[in-house]
Amino acid sequence: MAIILSDTSRTFSEYLLIPRLTRSDQKPELVDLSTPLSVIEGNESPKFKTNIPLVSASMQAVSGPDLAIALARQGGLSFIFCSQPIASQAEMIRQVKRHKAGFVPSDTNATEDMTLQEVITLMRSSGHSTVPVTSDGSPTGLLKGIITDRDFWEHEDDMSNKVKQHMTLIDDVIYGSDGISLRDANGLLHKHKKECLPVLSPQRHLVALVFKKDYEDHRRHPLELLDASKRLCVGAAINTHDYVDRVPALVEAGVDVICFDSSDGFNEHQMEGVRWIRNKFGKAITLGAGNIVSAEGFDYLVGHDLIDFVKVGIGGGSICITREQKGIGRGQASALMDIVQRRNSLAKETGRYIPICSDGGLSNDTQIVIALAMGADFVMMGRYFAMTDESPTPKTSINGQMYKPYWGEGTRRAQNWQRYSSSMESRQMIFEEGVDAYVPLVGPLSELVQTTLYKLRSTMVNVGADSLSEFREQAILTMVSEQSVEEAGTSNVRQFTSNRDADNSDWGNRG
């Protein structure tokens, strides 16, 4: 007969934190929310970490390039969805990597013999007002000068004039030499009151551009998540069917983190993919696997020392119906606690610490706090981010309230690219593991994230913790009864809230 576990499948809503001593020197703004996404060996530092413990789910209705950019600027990471052609997913990665950088490869260039009209067309198509002029019009050609929209008047000058008649010649251009530090490059911009600094090789070939606006933008986003080249970081999801072709394309596009996207990752197909990626690219790639809900599944995925992090959760998402359709899954809190306990035991035995991502089962900010207190290193969310301006779906008005479409990767709408079957034509029966829905529009991602993070930092101070690792060690959790839940709510009063309130109600009920 089947093995029957004696424990009850628990959710995050069944727990509360017990306050600990708050020291007089503690302030929410001093709390460190950085967290690892790659395995920690002994006392070594992780090769990849985020500045906040929030990542967005690899879903069509959530993680497009605009949201990936917005989240990286707040310090988190998005996983661009894989239920699309390889080329389009790789292009989304490139869009994020191009958006913000210290040293930017020039993607808009002119030659001396181009006309002003041709340059205007270039500027309008690219959105750039500064265009390097190179000998061959390439991004690495010999720099001849710079032309900007201030060098001519579109409605006064003859648009058939050549670029060389209006550009600033190379002898009058302030530039930096290849190898210059970003600090020194910004220093030259400041000293000479320039908006753009070309970086040149010893032979005066164009290498990159540095912009004043990027420096100012960074000052406004001190936690933004950047790679070694000062570009925004971005992750990507992959499946078990086309990773041989998909992973190399994503790596070439500049992806920082890759994770298998599967409702049930406890299978040999995923492990075959993990081995192939490690054989092909070594440990250079930060690689995640999942999803799992048991210590047995954890042992299987991490047993070969190939995985950087593991995702936990089956059927807990707001639009996921895997539990109803297939009868598999587990309460998110129970799954997380079981796997965290096994992870911690393994860390003591081997010195290898495997970061854990809690994926799904989060209805409000308080439950994010509880998940992190229980041992998750970071949380992955879909609905939370789908509600923001930056999610890739269009705004829709329903009875005067603004909403956004939101659907799961297990719906017919998203069931493509062989996520569930190696051949769409071979299916004898199709069933869905997700639903189509709408979520209320809450506004900019930055405002939503900043509110969540302030609540998290404040709670960590209540527990006497200055970092997430201290938070996990010092947290004391207690289970709550139905009566205590009722006691925690308001009673005998009438509440009035605005459409943009920042209370702790369920995200799906905001508005």
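Me: How many residues of S11 are buried?

Reply: Five of the five, so strand S11 is largely enclosed by the rest of the structure. Buried means under 20% relative accessible area, exposed over 50% and partly exposed in between, with a 1.4 Å probe and protein chains only.

Me: And the model itself?

Reply: This is a predicted model, where local features need pLDDT of at least 70 and side-chain atom pairs 80 or more, while totals for chains, interfaces and linings use all residues. Residues are numbered from 1 along each chain as its sequence is written, and side-chain values use heavy atoms, without hydrogens or water.

Me: OK, which residues of S11 sit on which face?

Reply: Cys196, Pro198 and Leu200 are on one side, with Leu197 and Val199 on the other. Both faces are covered. Strands here are DSSP E runs of at least two residues, and helices are H or I runs of at least four, numbered from the N terminus.

Me: What does S11 pair with, going by S10?

Reply: Strand S10, residues 176-177, runs parallel to S11 and is joined to it by two bridges. Gly176 stands opposite Val199 there. Pairing takes at least two DSSP bridges between the strands.

Me: And S12, parallel or antiparallel?

Reply: Antiparallel, over five bridges.

Me: How many residues lie between S11 and S12 in the hairpin?

Reply: Five, and Arg204 is in the turn.

Me: What's the phi of Arg204?

Reply: Near 70 degrees, which is positive in a residue other than glycine. Arg204 is partly exposed, at a relative accessible area of 32%.

Me: Which other non-glycine has a positive phi, then?

Reply: Lys230 has one, at about 65 degrees. That residue sits in the loop between helix H5 and strand S13. Lys230 also counts as partly exposed, with 37% relative accessibility.

Me: Switching to S14. Which of its residues are buried?

Reply: Val257 and Cys259 on one side, Ile258 and Phe260 on the other. Both faces of S14, residues 257-260, are covered.

Me: How does S14 pair with S13, parallel or antiparallel?

Reply: Parallel, with four bridges between S13 and S14. Cys259 of S14 is the bridge partner of Ala237.

Me: What about S15, how many bridges there?

Reply: Three bridges join S14 to S15, residues 286-292, and the two run parallel.

Me: Where is Asn239 relative to S13 and H6?

Reply: In the loop between strand S13, residues 235-238, and H6.

Me: Buried or exposed?

Reply: Asn239 is buried, and its relative accessible area is 4%.

Me: Last one. Which peptide bond is cis?

Reply: The bond from Gly290 to Asn291, where omega is near 10 degrees. Asn291 belongs to strand S15, the strand that S14 runs parallel to.
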